[in-house]
Amino acid sequence: MKSGQAADFAEADIVRDIGYVSTQDGARIAYISYRPKSGRHPTILLYDPYNAGAAPFELAKEFLDAGYAFVGANMTATGCSEGVIEHWYTRKEGVHGAEVVEWIAKQPWSDGNVGMVGNSSAGSSQLWVAAERPPHLRAIVPTGIMDDYIHAEYLGGMLQVGYVRWAFTTQFQTPLSGMEWRIKEGDAHCAQIRGSGRQIIKQPFFDEFRKHPVKDEWWDLISPVRPDVAGKINVPTLIVAMFQDPGATAESMKIFTQQMAKAGNKKLVMINGDHGSARLGSCGYSIVDEERMRFLNRWVKGVKNGTENEPPVTIYWEVQVPEGDAKKSVAGWVTHHLTWPDPVVERRLLYLTADAKMSPHHPPPGPDDGARLYLYPTGVEQIFDNQQFAVEPRSEGVLNYRMAPAASDMTLLGAPEVTLYISIDRGDDADLALTLKDIDPDGNVLFLQSGLRRASFREIDEVQSHVDEVVPTFRKSEKLEPGKIYEIRMSLHGPIAHVVRIGHSLELTIGAPSAEMGLPAGAISINRVYHSEKYPSKILLPILPGAVAKAPAPECGTLRGQPCRKETSFVPGGLLAIP
């Protein structure tokens with residue numbers, strides 16, 4: 001094979017080892033390694049609570065072909081790994097992961113250079129490991145980072161049913177296939193560890209986080225998004241975030257802009273897509289694969305490919321997957337930015353009006369407060385796929401607001417902010433579910449971004465908040481009184497990069513969350529949103545001045561994480577005003 005030429009390994013061409021790394025505190029971390037039969041190689045580590053310790057050859061092949069060895073290891077007390085921990089997301093997982101990094105560096109097949117990759121929990125684990133600063137860790141590429149009260153388990157202050165399910169299945173079900181595979185392959189230790197006193201999670205995570213419905217000190221301790229974890233990372237870091245991955249994008253922004261503000265050789269890549277779009281394997285975008293490999297080649301392998309000279313922020317616009325194949329992903333266009341948020345972005349204010357519009361004009365003085373009514377919690381907009389999104393919410397349970405068709409391309413780059421003035425007529429709380437959509441002249445409705453907020457969490461953290469995110473404290477729940485008007489100020493779940501093309505409109509919908517988000521707070525109620533000089537409900541849009549679309553609009557239903565449906569006419573929604 002010529003120098004610089006990519007290999008094409010078959011499984012028979014490599015060496016596979018299944019074993020354990022002994023840690024200083026006496027635990028054993030289960031690993032699997034793949035490597036060429038000769039030579040010393042830089043190594044890529046995947047460290048997760050799922051089945052990394054039984055990672056298949058197909059997952060390693062991308063890295064083997066690029067000249068790396070590959071190691072998959074299960075985090076402490078997961079899969080076949082030993083360890084006694086209080087619950088998931090503790091510093092011990094980082095310590096053990098750092099020891100795995102240093103073990104790799106000492107192997108005769110390693111050249112001493114280690115990089116880390118992984119999505120979701122395997123993304124967050126990299127932060128914990130890198131915070132320990134193992135000497136041979138050269139770079140990390142965390143994607144889909146989601147380990148925080150605000151951006152994950154209690155999104156918007158609402159306990160997420162999906163995360164209870166995830167935590168339960170990850171601890172008790174998901175790792176079983178990997179454990180059984182290792183045992184079948186001759187791992188006698190795994191059979192002994194399983195169910196023994198050497199593998200104990202004292203407090204199952206799905207139980208533990210349900211004990212903490214507000215963002216108390218416990219959440220502060222388990223989150224890696226803090227100065228003594230993410231803020232300690234000193235290796236080159238590439239963060240990849242998907243715009244339609246609820247919570248993960250906002251969390252990635254916070255790490256990049258605040259916790260790693262002074263870090264060098266960091267890069268942020270943002271793309272439209274869902275939580276799985278940055279995963280390793282067949283479902284991940286080829287665009288992410290290429291960005292990841294180029295970054296690793298520079299900082300782990302030492303290839304001088306110019307990555308360090310590029311602007312630190314890259315945005316891929318309107319990425320599509322032809323024929324549904326993520327490995328054929330293609331962007332409409334790409335932009336680069338020196339910082340995030342881009343300082344040239346302008347914030348354009350549109351007021352929500354009593355006649356269901358989004359208008360640049362402030363509501364005039366009037367004899368009433370311009371209330372619009374809706375029946376809570378009957379209006380739900382499902383945003384998970386095209387089939388669910390096609391079912392329009394019950395009109396009496398939502399309020400829709402539509403902007404006039406754009407006279408020229410309007411480019412959004414950042415997180416929209418919404419301020420609502422609301423009241424309820426029964427109960428003591430309410431959950432707000434917002435969706436922002438693009439409507440084209442043919443009636444195609446494209447989902448852009450969502451937002452959730454439990455109304456009793458109104459206090460804003462003025463220290464953590466910044467121009468691109470309004471951050472609630474979530475420290476206390478302040479219940480609502482029927483008939484009293486409250487201000488709710490919130491950002492949508494994360495930034496977006498989208499062009500509202502000529503003739504298209506934006507639409508904002510206010511409704512209730514789906515059952516996937518948990519049981520709605522409060523009671524069946526007629527809720528009101530106000531639109532007046534005194535109570536000016538509004539939306540603040542991040543506009544990139546002068547930017548226009550550089551490709552035709554994608555076909556309805558083809559963007560991953562952005563469902564689309566057809567409508568025949570605009571439905572304002574809501575109930576008739578009560579005299």
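This is a predicted model: local features need pLDDT of at least 70, side-chain atom pairs count only at pLDDT 80 or more; totals for chains, interfaces and linings use all residues.
Residues are numbered from 1 along each chain as its sequence is written, and side-chain values use heavy atoms, with hydrogens and water left out.

Q: How many helices and how many strands does the protein chain have?
A: Helices (H or I, at least four residues) and strands (E, at least two) are DSSP runs, numbered from the N terminus. Counted in this way, the protein chain has 11 helices and 26 strands.

Q: Why is the protein chain said to be as compact as a globular protein of that length, and what is its radius of gyration?
A: The radius of gyration is taken over C-alpha atoms, and the globule rule is 2.2 Å times the number of residues to the power 0.38. For 579 residues the rule gives 25 Å, and the value for the protein chain is close to this, so the chain is as compact as a globular protein of that length. Its radius of gyration is 25 Å.

Q: What percentage of the residues in the protein chain is buried?
A: Buried means under 20% relative accessible area, exposed means over 50%, and partly exposed lies in between (1.4 Å probe, protein chains only). Among the 579 residues of the protein chain, the buried ones make up 60%.

Q: Which residue meets E132 in a salt bridge?
A: A salt bridge is a side-chain nitrogen of Lys or Arg within 4 Å of a carboxyl oxygen of Asp or Glu, and for the partner of E132 the N to O distance is 3.1 Å. The pair links distant parts of the chain, 41 residues apart, with E132 in the loop between α3 (121-131) and β7 (137-143) and its partner in helix α2 (residues 91-106). E132 is partly exposed, at 29% relative accessible area, and the partner, also partly exposed at 30%, is R91.

Q: Is E208, which forms a salt bridge with K211, buried or exposed?
A: The closest N and O atoms of K211 and E208 are 3.4 Å apart. Because the relative accessibility of E208 is 9%, this residue counts as buried.
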